[in-house]
Amino acid sequence: MSQALRLAERGLYTTQPNPRVGCVMAHGEQVVGQGWHERAGQPHAEVFALREAAERARGATAYVTLEPCAHHGRTPPCADALIAAGVARVVIAAEDPFPQVAGRGIEKLRAAGITVETGLLRDAAREINIGFFSRIERKRPWVRVKLAMSLDGRTALANGESKWITGEAARADVQRWRARSSAILTGSGTVLADNPQLTVRFADEAFTPPLRVVLDRRLRTPAGSHVLDGHVPTLVLHATDATVTDHRFDLVERKPVAEKDGALDLHAVLALLAERGCSELHVEAGPTLCGALFAAGLADELLLYIAPLMLGDSARPLMHLPSLGDMADRWLLRTIDQRQVGQDWRLQLRPG
């Protein structure tokens, strides 16, 4: 199963909106076939493993990181393929919560006389598809907020200049987190201040370009902004009464979203993105939007890069959060991972 999980990771950048899945076929300790889901619309992991195993699949055990599908989508049901190949046993790491599967794959395999076991390395299997499980079970994407700061907790100078707080290695590392995401979210304030491209820039991996999402309540994004260039699919979300009279937004999609307390309703934003198949949402925004996500309990993870430098008291803070009157109300984070990236440090943190 560990090998199946390593195989699943090979689809980290390419399977959107499908989950990343790996499969290993074995007789005892002898591996006879293996594969992974490479891209949405193409065969699933079990099919590639069965092709490699050929006749040796008969009587074998299939180790698969996610419950085999039991429905016709863009590809035939994997449960049927396993049954037809004569597999004797299927070991599944995690059950699939997708409504058209959700136990049906397991039921179909058992009805065919195949021994089915579940739960082996379940937590690791869910982690690799943490956004997929969030989208299906919670009806919203997994929200990962990326921020870079100095040792004194600042993200930009008072005049807004922020290039570059972190070094080249850290900036390259961010590209991989972008690439694994379904969408990259920012606010109009960041677009006005920095004119970001919000694209993935590395050449050594195949990837599905993430959707660019801009929260622009009053449609302030100016003509000539990178996010309006049409090079990458872009969605601009705005208030229902916002209007534009020129052609700035002709190359991108616009959609109205409900408001709450004078801003776009973040719950509505996440629900809309989930409906569009967005599993992992990568946020690169300013202190207002990042703080709003945390204050609303919608930030699932903080990817924090810390540079060994100081920016001073007048520089801009990490995020804007409500004032606290009691230490018992503080936001607690637990460290999932910490490592040095070039001269900087990267912390992966989650609430709790």
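**Close-up views of a predicted model**

**View 1. Helix 2 and helix 3 pack against each other with a crossing of roughly 20°.** In this predicted model, the axes of helix 2 (residues 45-53) and helix 3 (residues 78-85) come within 9 Å and cross at roughly 20°. Because angles under 35 degrees count as roughly parallel, helix 2 and helix 3 are described as roughly parallel to each other. The crossing of helix 2 and helix 3 is left-handed. On the side of helix 2, the contact is made by Glu46, Val47 and Leu50, which meet Cys78, Ala81, Leu82 and Ala85 in helix 3.

**View 2. Helix 7 is shown with the strands that cover its buried residues.** Helix 7 runs over residues 168-179, and its twelve residues reach 17 Å from the first C-alpha to the last, close to the 16 Å expected at 1.5 Å a residue. The buried residues in helix 7 are Ala170, Asp173, Val174, Gln175, Trp177, Arg178 and Ala179. The cover over these buried residues includes strand 6 (142-150), strand 8 (183-187) and strand 14 (280-283), and also strand 15, strand 17 (333-341) and strand 18.

**View 3. Glycine 187 is a buried residue of strand 8.** The relative accessible area of glycine 187 is 10%, and the residue therefore counts as buried. Although glycine 187 and leucine 215 are 28 residues apart along the chain, their C-alpha atoms are separated by 4.7 Å. When residues up to four places away in sequence are not counted, glycine 187 touches Val214, Leu215, Ala285 and Leu289.

**View 4. Glutamate 259 and arginine 217 form a salt bridge.** The structure holds 21 salt bridges, and in the one shown here the closest N and O atoms of glutamate 259 and arginine 217 are 2.5 Å apart. Glutamate 259 lies in strand 12 (residues 259-260), while arginine 217 lies in the loop between strand 9 (211-215) and strand 10 (234-238), so the pair ties together parts that are 42 residues apart in sequence. Glutamate 259 is partly exposed, at 34% relative accessibility, and arginine 217 is also partly exposed, with a relative accessible area of 31%.

**View 5. Glutamate 301 and arginine 350 form a salt bridge that links distant parts of the chain.** The closest N and O atoms of glutamate 301 and arginine 350 are 2.6 Å apart.

**View 6. Aspartate 337 and arginine 346 form a salt bridge, shown together with a salt-bridge network elsewhere in the model.** The closest N and O atoms of aspartate 337 and arginine 346 are 3.1 Å apart. Salt bridges that share partners join Arg20, Glu127, Arg144, Arg180, Glu280, Glu301 and Arg350 into one network.

Notes: Residues are numbered from 1 along each chain as its sequence is written. This is a predicted model: local features need pLDDT of at least 70, side-chain atom pairs count only at pLDDT 80 or more; totals for chains, interfaces and linings use all residues. Side-chain values use heavy atoms; hydrogens and water are left out. A salt bridge is a side-chain nitrogen of Lys or Arg within 4 Å of a carboxyl oxygen of Asp or Glu. Helices (H or I, at least four residues) and strands (E, at least two) are DSSP runs, numbered from the N terminus. Buried means under 20% relative accessible area, exposed over 50%, partly exposed in between (1.4 Å probe, protein chains only). The expected span of a helix is 1.5 Å times one less than its number of residues. Contact means heavy atoms within 4.5 Å. Axes are lines fitted to C-alpha atoms, for helices over the stretch in contact, and angles run from 0 to 180 degrees between N-to-C directions. Angles under 35 degrees count as roughly parallel, over 145 as roughly antiparallel, 65 to 115 as roughly perpendicular and the rest as oblique. A crossing is left-handed if the near helix is turned anticlockwise from the far one by less than a right angle, and right-handed if clockwise.
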